[in-house]
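Here is a short report on how one protein chain packs. Read it with the structure open.

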Amino acid sequence: MKAYALDLRERVVNFLNAGGSKAEAARRFDLGRRTVYRYLAAAQTGSLAPKKSWGKWRKLDPAKLHAHVKKHPAATLKELQQVFGVSHHAVWVRLGQLGFTLKKNS
């Protein structure tokens, strides 16, 4: 989820500084009440800008995973987890994104 823009944060804080209530600010700007409190606390410390997002950074490189799976097609999720040092769920999600499916041999 992306952070709200700095101009919205400033408008909320300006509204509160002008005498508006926190509940009214939440309704007017369509925010959660807790978000309004966070913006007010951040403005008092002087750091109203949104924090850098860590959402784009990924620990599991898709190219390396793809190459490893092509080389070792019978590797289990647990083995891949140990090779790449991530959770089995991270491996599962990335494999799905790369188009690998679970196939049963009968």
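Leaving aside its neighbours within four places in sequence, which residues is Val-12 in contact with? The partners are Ala-25, Phe-29, Leu-31, Val-36 and Tyr-39. Contact here means heavy atoms within 4.5 Å.

This is a predicted model: local features need pLDDT of at least 70, side-chain atom pairs count only at pLDDT 80 or more, and totals for chains, interfaces and linings use all residues. Residues are numbered from 1 along each chain as its sequence is written, and side-chain values use heavy atoms, with hydrogens and water left out.

**Fold**

The chain has six helices and zero strands. Both are DSSP runs, numbered from the N terminus: helices are H or I with at least four residues, strands are E with at least two. Buried residues make up 24% of the 106 residues. Buried means under 20% relative accessible area, exposed over 50%, and partly exposed in between (1.4 Å probe, protein chains only). Take the contacts between residues at least 6 apart in sequence: 47% of them join residues at least 24 apart.

**Cores**

A nonpolar core is a set of buried Ala, Val, Leu, Ile, Met, Phe, Trp, Tyr and Cys residues joined through side-chain atoms within 4.5 Å. The largest one has 14 residues, and Val-12, Leu-16 and Phe-29 are among those that touch the most other members. Helix 1, helix 2 and helix 3 each give two or more residues to this core. Helix 1 supplies the largest share, five residues. A second, separate core has seven residues, including Leu-60, Leu-65, Val-91 and Leu-95.

**Aromatic pair**

A search of the whole structure finds one aromatic pair. Phe-15 and Phe-29 form it, edge-to-face, at 5.9 Å centre to centre with 80° between the planes. Rings of Phe, Tyr and Trp (its six-membered ring) pair if their centres lie within 6.5 Å; planes under 30 degrees apart count as stacked, over 60 as edge-to-face and the rest as tilted. The pair links distant parts of the chain, 14 residues apart: Phe-15 is in helix 1 (residues 6-17), Phe-29 in the loop between helix 2 (22-28) and helix 3 (33-45).

**Accessibility**

Three residues are compared below.

| Residue | Relative accessible area | Class |
|---|---|---|
| Phe-15 | 15% | buried |
| Phe-29 | 18% | buried |
| Val-93 | 34% | partly exposed |

Val-93 sits in helix 6 (residues 88-98).
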